[in-house]
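Please open the model in a viewer and keep the selection tool at hand.

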Amino acid sequence: MPSSLPVLSQSRSLRYGTFLYLYIMQGIPSGFALTAVTNYLTAEGLTPQALGTFGAVVGLPWGFKFVWGPLVDRFQSSRMGRRRPWVLGAQCFALLASLGILLVGDPVREFTALALAFACHGVFASLQDVSVDALAITISPVSERGRINGFMKCGMVMGQAIGAAGLAYLIRSHGFHTAALIQSAILLFFTIITFFIREQPDDSFLSVRRYVRNDAHVTTLPDSFGPLLRNLLQAVVTRQNLVIFGAIALVFISERLFQRAYFIHLIRFEGWSDTSVSVLSGTYGTLLAVLLALLGGWLADAIGAQRMLVGITLLMATLHIGFSVLAPFWSNDGIATTGLVVRQTLEPIFSIVALPTLMGLCRRGIEGAQFAFYMALSNQADVIGIFLAGQLQPFFSAPVLGMACGVAMVLAMLLLRSTLRRSGLQAAAVQ
């Protein structure tokens with residue numbers, strides 16, 4: 001179907017805007033479930049163990065999204081585009097799953113049903129995530145990957161802010177079901193936008209026909225799962241790739257563990273309301289994170305993501321250890337708020353340089369599957385961090401956990417520094 005609308009392959013501004021809103025769409029349910037709803041359940045008296053279980057169940061589908069990667073790479077010959085049919089289909093099913101959350105009557109009494117409803121949504125949201133990441137690697141020039149990741153992370157942070165702050169306010173002012181309904185309405189709006197965005201000029205808006213492309217944008221597509229899976233295994237088990245990813249995953253685990261422990265500490269021991277924690281973490285922290293994410297994306301392209309990775313990891317370690325040492329002053333609202341805001345900026349900045357590094361490890365032809373594998377385990381790292389916070393907090397205080405997380409990040413920094421120097425990646429551009 002001919003159209004005068006711009007396409008992703010030919011418009012840099014469209015690429016930036018598209019990946020921004022696609023990640024806003026992913027961030028809203030994340031902020032809603034893991035911040036607004038979790039803080040609400042904390043204020044309603046659920047135990048840290050129950051909250052840890054809730055976070056683990058909600059995040060579990062994201063830990064297994066590597067299953068989607070080979071499917072997305074194997075079937076990419078639709079006339080609608082290589083990746084767009086997967087993105088659009090996943091969005092439609094995620095929208096239906098979001099509406100399913102409305103079937104939960106009382107989120108506190110029906111705690112198990114609530115967790116399963118969010119987990120069901122996560123199954124399709126994780127497919128959307130894999131499809132969007134594959135689209136980003138396929139359609140974006142290597143020279144833009146830092147900035148593309150910057151816009152993606154900005155979108156995620158903005159979406160999480162809407163889900164955390166905006167929907168937290170709606171839970172308390174208009175009820176849980178109103179918040180869930182507003183989330184579904186936003187997802188519907190973004191799904192409609194996706195229908196009008198194409199990858200290449202000759203892509204159809206809607207078609208069930210197959211189309212095999214033979215142009216410069218496409219490498220040889222896998223004709224069966226066997227070779228694809230063998231190439232994927234070979235790519236991920238190299239020592240260099242394992243160490244780099246393991247160090248990055250350790251940082252993600254540590255960051256999420258301290259986040260959950262600190263939130264619970266503020267609500268349980270410092271007298272903060274769940275809405276205050278959600279709103280502050282989703283407003284001031286978000287504004288700063290967005291600005292730094294855009295700057296970080298530009299710097300990642302300008303000087304190299306790997307060159308920044310070691311320094312950012314060391315900065316995160318220093319801030320976690322330093323803030324934990326200041327624990328006696330957490331009762332001061334100014335210091336506690338500063339901790340919330342600064343913590344909100346750490347993970348986005350780290351992701352800006354970590355994700356292009358992981359993209360650089362991906363092999364042509366299986367980039368969707370390999371990056372999905374890395375991101376699935378990264379999401380599993382988030383789940384592990386949330387679960388560990390629930391299990392450890394009855395025995396260790398939040399400052400102790402923060403100190404341990406900082407030490408773990410120092411270890412991650414040393415592993416990255418040694419491996420990147422030995423392999424020569426630290427001086428190379430993202431491949």
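The protein chain has 15 helices and zero strands; helices (H or I, at least four residues) and strands (E, at least two) are DSSP runs, numbered from the N terminus. This is a predicted model, in which local features need pLDDT of at least 70 and side-chain atom pairs count only at pLDDT 80 or more, while totals for chains, interfaces and linings use all residues. Residues are numbered from 1 along each chain as its sequence is written, and side-chain values use heavy atoms, with hydrogens and water left out.

**The whole chain**

Among contacts with a separation of 6 or more, 87% are between residues 24 or more positions apart; a contact means heavy atoms within 4.5 Å.

**The largest cavity**

Rolling a probe the size of a water molecule over the atoms shows where empty space is left. On a 1 Å grid over the protein atoms alone, a cavity is a set of points where a 1.4 Å probe fits but cannot get out, and lining residues have an atom within 4 Å of a point. Grid points are joined across faces, edges and corners, and a volume is the space filled by probe spheres set on the points.

The structure holds eight cavities of 30 Å³ or more, and the largest contains about 600 Å³ of space. To find it, select Ser 30, Trp 62, Met 156, Asn 379 and Asp 382, which lie nearest its centre among the 32 lining residues. Next, display helix 1 (12-43), helix 2 (48-63), helix 5 (111-139), helix 6 (145-174), helix 9 (239-269), helix 13 (333-360) and helix 14 (367-392): each supplies at least two residues of this lining. By class, the lining comprises 15 nonpolar, 11 polar and six charged residues. Here Ala, Val, Leu, Ile, Met, Phe, Trp, Tyr, Cys and Pro count as nonpolar, Asp, Glu, Lys and Arg as charged, and the others, Gly among them, as polar.

**Helix 5**

Select Asp 129, which is found in helix 5. At 4% relative accessibility, Asp 129 counts as buried. Leaving aside residues up to four places away in sequence, Asp 129 touches Tyr 23, Gln 26, Trp 62, Lys 65 and Asn 379.

Move along to His 121, also placed in helix 5 and buried, with a relative accessible area of 6%. With residues up to four places away in sequence not counted, His 121 touches Pro 29, Ala 94, Ala 97, Ser 98 and Leu 187.

**Aromatic rings**

Now show the side chains of Phe, Tyr and Trp. Their rings (six-membered for Trp) pair if the centres lie within 6.5 Å; planes under 30 degrees apart count as stacked, over 60 as edge-to-face and the rest as tilted. How many aromatic pairs does a search of the whole structure find? There are 17 aromatic pairs.

Select Tyr 21 and Phe 190. Their ring centres are 5.5 Å apart and their planes lie at 20°, so the pair is stacked. Tyr 21 belongs to helix 1 and Phe 190 to helix 7 (residues 176-195), and the two are 169 residues apart. Tyr 21 is buried at 10% relative accessibility, as is Phe 190 at 11%.

Compare Tyr 262 and Phe 323, whose ring centres are 5.4 Å apart with planes at 85°, so that this pair is edge-to-face. Because Tyr 262 lies in helix 9 and Phe 323 in helix 12 (residues 305-325), the pair ties together parts 61 residues apart in sequence. Tyr 262 is buried, with a relative accessible area of 0%, and Phe 323 is buried at 14%.

For one aromatic cluster, select Phe 32, Phe 54, Phe 111, Phe 118 and Phe 176.

**Last stop: helix 14**

Finally, select Ala 381 in helix 14, which is buried at 2% relative accessible area. Not counting residues up to four places away in sequence, Ala 381 touches Ala 249, Phe 252 and Ile 253. Gly 246 is 135 residues from Ala 381 in sequence, and 9.9 Å from it in space, C-alpha to C-alpha.

Methods. On a 1 Å grid over the protein atoms alone, a cavity is a set of points where a 1.4 Å probe fits but cannot get out, and a pocket is an open set with protein on both sides within 12 Å along at least five of seven lines; lining residues have an atom within 4 Å of a point. Buried means under 20% relative accessible area, exposed over 50%, partly exposed in between (1.4 Å probe, protein chains only).
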